Amino acid sequence: MNMKKLKDMEEEFLTFYPTGFEDEKFFPTMKKFNPSKLEEFTKENLKKENFSNPNLVVDAFFKIIQKSVLVSLFDKLKFRDMLASLTSYEKDMLSIELYELLHGNKRNGFEGLVEFLAQYNLAKWTIISVVLYYNDRQKEYFIKPTTTKNVIKYFELQNLVYKPTPSFEFYDSYKKVLNEMKKNVHKTLKIDNAAFTGFLRMGMED
């Protein structure tokens, strides 16, 4: 990891925005993004006890995708069409994978969700990581493909090879690297994990 590039990026960013994402220039963007509201919705609707009702869980998953500004309109429409085609059994299966991802064996849930969504060409980083992120914005990361590829190249991250098909191995390894990077920047740049990766994206663009 090229730590010098990270520290140079931090210095430049804080020169323009001395209080990081608390700077008034970001207020309109942060208000539109409003991740705390969707995190509250996710935690409430995808809590353990709700998984006894697969229809409720699947509907909540759909609403998270639809409400999130992080997911593209194209993927939202494809996701909507997929859910409309599911049988009750398939909704049960989807609910089981979500339970494992959020409350059980994360690896099994991640891989199971990828396998399930692949049937509909929806095994995408954005869709799988967005529910993880909104369930815990301080621990989990939203994976945006372009930003992820650029981070790996720009910061010279070794032994990390991005692939379009999501894998738990990559997510877990990339998460550890991002956590290490996060330790080395000012607290105003990491109010949550999407803000931190947003800082990296903006810094690379500059």
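Colleague: Is Asn159 buried or exposed?

Modeller: This is a predicted model, and Asn159 is placed in the loop between α9 and α10. Exposed means over 50% relative accessible area. Asn159 has a relative accessible area of 77%, so the label is exposed.

Colleague: What is the phi of Asn159 near?

Modeller: Asn159 is a residue other than glycine. Even so, its phi is positive. The value is near 60°.

Colleague: Where is Glu156 found, and what is its phi near?

Modeller: Glu156 is in the loop between α9 (145–154) and α10 (168–183). Glu156 is not a glycine, yet its phi is positive. The value is near 55°.

Colleague: Does Glu156 count as buried, partly exposed or exposed?

Modeller: Buried means under 20%, and exposed means over 50%. Glu156 has 39% relative accessibility. That value lies in between, so Glu156 counts as partly exposed.

Colleague: Let's turn to the rings. How many aromatic pairs does a search of the whole structure find?

Modeller: The search covers the whole structure. Rings pair if their centres lie within 6.5 Å. The number of aromatic pairs found is 15.

Colleague: Are the rings of Phe61 and Phe79 stacked, tilted or edge-to-face?

Modeller: Their centres are 5.0 Å apart, and their planes meet at 80°. Planes over 60 degrees apart count as edge-to-face. The pair of Phe61 and Phe79 is therefore edge-to-face.

Colleague: Are Phe61 and Phe79 buried or exposed?

Modeller: Phe61 has 0% relative accessibility. Phe79 has 0% as well. Buried means under 20%, so Phe61 and Phe79 are both buried.

Colleague: Which ring does the charged end of Lys5 sit over?

Modeller: A charge sits over a ring if it is within 6 Å of the ring centre and within 35 degrees of the ring normal. The charged end of Lys5 is 4.5 Å from the centre of such a ring. The ring is that of Tyr154.

Colleague: At what distance from the ring centre does Lys67 lie over the face of Phe41?

Modeller: Lys67 lies over the face of the Phe41 ring. The distance runs to the ring centre. It is 5.7 Å.

Colleague: Now the helices. Are α1 and α11 roughly parallel or roughly perpendicular?

Modeller: Two packed helices are described by the angle between their axes and the distance between the axes. Helix α1 (residues 3–16) and helix α11 (residues 193–205) have axes 10 Å apart, at an angle of about 90°. Angles of 65 to 115 degrees count as roughly perpendicular. So α1 and α11 are roughly perpendicular.

Colleague: Which residues make the contact, and how many are nonpolar?

Modeller: Helix α1 brings Leu6, Met9, Glu10 and Phe13. Helix α11 brings Phe199, Leu200, Met202, Gly203 and Met204. By class, 1 is polar, 1 is charged, and the nonpolar residues number 7.

Colleague: Which residues does Leu200 touch, neighbours up to four places away aside?

Modeller: Leu200 is in helix α11. Its relative accessibility is 0%, so Leu200 counts as buried. The residues that Leu200 touches are Leu6, Met9, Val151, Phe155, Leu178 and Met181.

Colleague: How many Å apart in space are Thr87 and Lys4?

Modeller: Thr87 is in the loop between α5 and α6. Thr87 and Lys4 are 83 residues apart in sequence. In space, C-alpha to C-alpha, they are 52 Å apart.

How values were computed: Residues are numbered from 1 along each chain as its sequence is written. This is a predicted model: local features need pLDDT of at least 70, side-chain atom pairs count only at pLDDT 80 or more; totals for chains, interfaces and linings use all residues. Side-chain values use heavy atoms; hydrogens and water are left out. Rings of Phe, Tyr and Trp (its six-membered ring) pair if their centres lie within 6.5 Å; planes under 30 degrees apart count as stacked, over 60 as edge-to-face and the rest as tilted. Buried means under 20% relative accessible area, exposed over 50%, partly exposed in between (1.4 Å probe, protein chains only). Axes are lines fitted to C-alpha atoms, for helices over the stretch in contact, and angles run from 0 to 180 degrees between N-to-C directions. Helices (H or I, at least four residues) and strands (E, at least two) are DSSP runs, numbered from the N terminus. Angles under 35 degrees count as roughly parallel, over 145 as roughly antiparallel, 65 to 115 as roughly perpendicular and the rest as oblique. Contact means heavy atoms within 4.5 Å. Ala, Val, Leu, Ile, Met, Phe, Trp, Tyr, Cys and Pro count as nonpolar, Asp, Glu, Lys and Arg as charged, and the others, Gly among them, as polar.
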